[in-house]
Amino acid sequence: MHVTSTEFVKSATKPANYPPEEFPEVAFAGRSNVGKSSLINVLVNRKGLVRTSSTPGRTQLINFFLVNGGLMLVDLPGYGFAKVPLEVKKQWGPMMETYLSTRRTLGCVVLILDIRRVPTEEDRQMLQWLRAYGIPTLVVVTKCDKVSKNERARQAAVIARETGLSRDEMLFFSALSREGKEAVWGRIGELLATERELD
């Protein structure tokens, strides 16, 4: 996909504050510090569109970005080990589940996993949510420049075993080398086209 424009639209915590359901939406979900912000920034060719942070858990709202005037990218709060108040953590689950279960323009979710980590219970729960709601899901495995090819193969097998995904259901990505950028856009396009056909 050739990105010519990207703009921040708004942040929200509940449906009353979401933007109007005008455009197909692609949501990005994953653990804190998994490389979600870096993935989105590389996809839209903008270094600082989504703030990256060495402190996990900075994204505490649902953030909407409009791409090329016709596609909405939605950055969901990172879950996991973030050092945030317990009350805030408790809100994230319902906030994300409400978005995932009610948003009619949601075309697919990009679930992000770190090649160096074993998927957590929260990763598996997110996958189960997405399957339960019948939401097309693309699993992107990030930080692939940080491991060797042999280690990548070993870790891919671990991720497949822990999640029940097949090797073909995963795409590999590196924000540093930009490996996987075109493949991710390609799969997003396929999933959105399939959703339009089903509608």
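**View 1. Thr 6 in strand E1.** Thr 6 sits in strand E1, which covers residues 6–12; strands here are DSSP runs of E with at least two residues, helices are runs of H or I with at least four, and both are numbered from the N terminus. This is a predicted model, in which local features need pLDDT of at least 70, side-chain atom pairs count only at pLDDT 80 or more, and totals for chains, interfaces and linings use all residues. Residues are numbered from 1 along each chain as its sequence is written, and side-chain values use heavy atoms, leaving out hydrogens and water. With a relative accessible area of 11%, Thr 6 is buried (under 20% relative accessible area, with a 1.4 Å probe and protein chains only). Leaving aside residues up to four places away in sequence, Thr 6 touches Val 44, Arg 46, Leu 49, Phe 65, Leu 66 and Val 67 (a contact means heavy atoms within 4.5 Å).

**View 2. Helix H1 and the residue just after it.** Just after H1, Asn 45 takes a positive phi of about 60 degrees.

**View 3. Confidence along the chain.** The protein averages a pLDDT of 86 (the predictor's confidence in each residue, from 0 to 100). Strand E4, residues 71–75, has the highest confidence at 96, while helix H2, residues 86–102, has the lowest at a mean of 78. Over residues 53–58, pLDDT stays under 50, and the model has 12 contacts beyond four places in sequence for them.

Key:
Buried < 20%, exposed > 50% of the residue type's maximum accessible area, 1.4 Å probe, protein only.
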